[in-house]
Amino acid sequence: MATLPNQLPTLAADPAGRSLGLDLPPGALLDTTVEGSWDEPLLWRADAAAAPGDWLRLASARRTAGLCPVLVGGRPDSEPHPDKWELDPDLASYPGDHDAEEVLADLWEECAAEAQDADWPGLAPAGVPDVDPDVWAAEVADALVGGASRLTEPRLALVPARRSADVPAALGWCGPVNHTDDVAELCAVLRSWEDRFGVRVVALTFDQLIVSVAAPPRTLAEAEAIAAEHYAFCPDNITQSGHASLRAYAEREVLGARSWTFWWD
């Protein structure tokens, strides 16, 4: 497994992270899993609620310390504190050990093939970003914390991960456990979306994932192709959200969308 050294323990003696080239606000190291304390911190989380501009100020942490920023919080009906999310790193394999198309094809056969009366259609073609993906991730993060947010008590966190797509696996996040008990499979898909659509993982709640999209689909055909991937990735987005068809979902939630939100029941 190709992993980076976890730099979070450094913050125990250096809370501002200056030895790592950072200037962190007050925060705490969290290590609570479903089985008790993990053998090293899983994330650093700021004490104060996030504000516009915070993400951009810590975006360099990925390059200087191998720590990816992510917003963590809740929804109105869910627990906002990661220590109570029943994280389980033992369940997560390594995202690089999975092939994104194989993962999606298998999940499609399990949950979508019968409902859609169609074989797995294959991966959607790559888009062309019209903005820097990391810059756009900061914009989406600012929108989530400034004004009418979909998150309750959103706070900025740092997670030891090589890339944004690996954040859920690095945490041992179990939000999609009713869909797949190895979130690294979905992280492999997120890696593919990073490469094809400039996606970045921006926010996590107990059961929700929000990503920014730097290369959104511009035509309905492109959106429908991506919607099929969404169906395999997170069936609840379609089956429990009142969309009459995959095409309707593509029109309303995917076409031109600069962020994608996924929720697992």
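These legends describe close-up views of a predicted model.

**View 1. Cysteines without a partner.** The structure holds zero disulfides. A disulfide needs two cysteine sulfur atoms within 2.5 Å.

**View 2. A patch of negative charge on the surface.** Which residues gather here? They are Asp99, Glu101, Glu102, Asp106, Glu109, Glu110, Glu114, Asp117 and Asp119. Helix 4 covers residues 100-111 and gives the patch its largest share, five residues. Look for Glu109, which lies in helix 4. Glu109 counts as partly exposed, because its relative accessibility is 48%.

**View 3. A salt bridge between Arg18 and Asp23.** The structure holds twelve salt bridges. In this one, the closest N and O atoms of Arg18 and Asp23 are 3.5 Å apart. Is Arg18 buried or exposed? Arg18 counts as exposed, at 59% relative accessibility. Asp23 counts as exposed too, at 56%.

View 4. Where do the two residues sit? Both lie in helix 2, which spans residues 54-58. They are three residues apart, about one turn of the helix. Arg57 is exposed, with a relative accessible area of 56%.

**View 5. A buried salt bridge between two loops.** The side chains of Arg75 and Asp207 meet in a salt bridge, 3.0 Å from N to O. Arg75 lies in the loop between strand 5 (67-74) and helix 4, while Asp207 lies in the loop between strand 7 (200-204) and strand 8 (208-212), so the pair ties together parts that are 132 residues apart in sequence. Are Arg75 and Asp207 buried or exposed? Both are buried.

**View 6. A salt-bridge network.** Which residues are joined here? Arg62, Asp134 and Arg200 form one network. Their salt bridges share partners.

**View 7. Positive phi at Glu86.** Most residues other than glycine have a negative phi. What is the phi of Glu86? Glu86 has a positive value of about 60°, although it is not a glycine. To find Glu86, follow the loop between strand 5 and helix 4.

**View 8. Positive phi at Glu153.** Glu153 is not a glycine, yet its phi is positive, at about 55°. Where is Glu153 found? Its place is in strand 6, which runs over residues 152-160. Glu153 counts as partly exposed, because its relative accessibility is 46%.

Methods. Residues numbered from 1 in each chain as written. Predicted model: local features only at pLDDT ≥ 70, side-chain atom pairs only at ≥ 80, totals over all residues. Heavy atoms only, no water. Patch = residues over 30% accessible without salt bridge, like charges linked within 9 Å, V, L, I, M, F, W, Y side chains within 5 Å. Areas by Shrake-Rupley, 256 points an atom, 1.4 Å probe, with all protein chains shown as cover. Salt bridge = Lys/Arg side-chain N within 4 Å of Asp/Glu carboxyl O. Lys, Arg positive; Asp, Glu negative; His and termini not counted. Charge placed at Lys NZ, Arg CZ, Asp CG, Glu CD. Helix = DSSP H or I, 4+ residues; strand = E, 2+ residues; numbered from the N terminus. Buried < 20%, exposed > 50% of the residue type's maximum accessible area, 1.4 Å probe, protein only.
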